[in-house]
Amino acid sequence: MSEGRAATASKGQEQEIDRYRIAREPFYADVRGEVGLFTIAAKSRMPVMLKGPTGCGKTRFVQHVAYRLGRPLITVACHEDLTASDLVGRYLLKGQETVWMDGPLTLGVKQGAIVYLDEIVEARKDTTVIIHPLSDDRRLLPIEKKGQVIEAVDEFMLVISYNPGYQSILKDLKQSTKQRFMAIEFDYPLPDVETRVVAHEAGVSPEIAQRLVKIAEKVRNLKNHGLEEGVSTRLLIYAATLIKQGVPADRACEVAIARPITDDPDMLRSIIEVVKAMF
């Protein structure tokens, strides 16, 4: 590639990475000093693993710290069909030419973004192996199809997340992967913090938010009695948003809390009774 074309390509990537910058600071309530821990990890070029149940704030947390650090955030939702090429890049036909298109991981490595691999256990094992050289002191990304090895710039940071509640023999992170990351544990926030989050995000009164959080506490206690997963903070915000828009509280909680987390008729009735008692 000529110098002119290389400069154009570089400028194009810089413009592309700007799409991943977060314009407004996302609201996040620091619970156990996790913002400070992440900030230190970022400055130390240390990869981070976020562990916690669905909807407890892991993604919002990453958005918040990315904004505070002034770094672009590239999020990849992992799934079982995710290939190494989806992350690294591939050759594509463009007109009469075959051109290389960087994947999200390569873009982040080159441009100094935070690359967030959400629910990493959903990805194929042969795909997750490619992050190993990036998550130790080498900080290298091999691109086999181009015969290249790229060294990550200082601002690049690798973040992964997964839900330990879904661990199984088939879907769990290997120790060889886990032990490359600093781990930050997440759980549902304390009631007063969760109340503040729900009230802020949905624009409802603290009283309504508090009632929703109390419902969540009672329903989460059913987790070991036939319920696979507790009520996420995200679902509480959905319910509060519906209430804010004029939907009756019991109906809002039914469609935003009860029905998303269970299909069992008896469990559904139990949750609806909890809602009726609170509203």
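Trainee: At what angle do helix H8 and H10 pack?

Mentor: Quick caveat: this is a predicted model, where local features need pLDDT of at least 70, side-chain atom pairs count only at pLDDT 80 or more, and totals for chains, interfaces and linings use all residues. Residues are numbered from 1 along each chain as its sequence is written, and side-chain values use heavy atoms, leaving out hydrogens and water. Helices here are DSSP runs of H or I with at least four residues, numbered from the N terminus. Axes are lines fitted to C-alpha atoms over the stretch in contact, with angles from 0 to 180 degrees between N-to-C directions; H8 (residues 191-202) and H10 have axes 9 Å apart, and their angle is about 45°.

Trainee: What do we call H8 and H10 relative to each other?

Mentor: Under 35 degrees is roughly parallel, over 145 roughly antiparallel, 65 to 115 roughly perpendicular, and the rest oblique. The pair packs at about 45°, so H8 and H10 are oblique.

Trainee: Which residues of H9 make the contact with H10?

Mentor: H9 covers residues 206-220 and H10 residues 233-244, packing at about 140° with axes 10 Å apart. That makes H9 oblique to H10. Contact means heavy atoms within 4.5 Å. H10 brings Thr-233, Leu-236, Ala-239, Ala-240 and Ile-243, and H9 brings Ile-208, Leu-212, Val-213, Ala-216 and Arg-220.

Trainee: How many nonpolar residues has the contact of H9 with H10?

Mentor: Ala, Val, Leu, Ile, Met, Phe, Trp, Tyr, Cys and Pro count as nonpolar, Asp, Glu, Lys and Arg as charged, and the others, Gly among them, as polar. In the contact of H9 with H10, one residue is polar, one is charged, and the nonpolar ones number eight.

Conventions. Helices (H or I, at least four residues) and strands (E, at least two) are DSSP runs, numbered from the N terminus.
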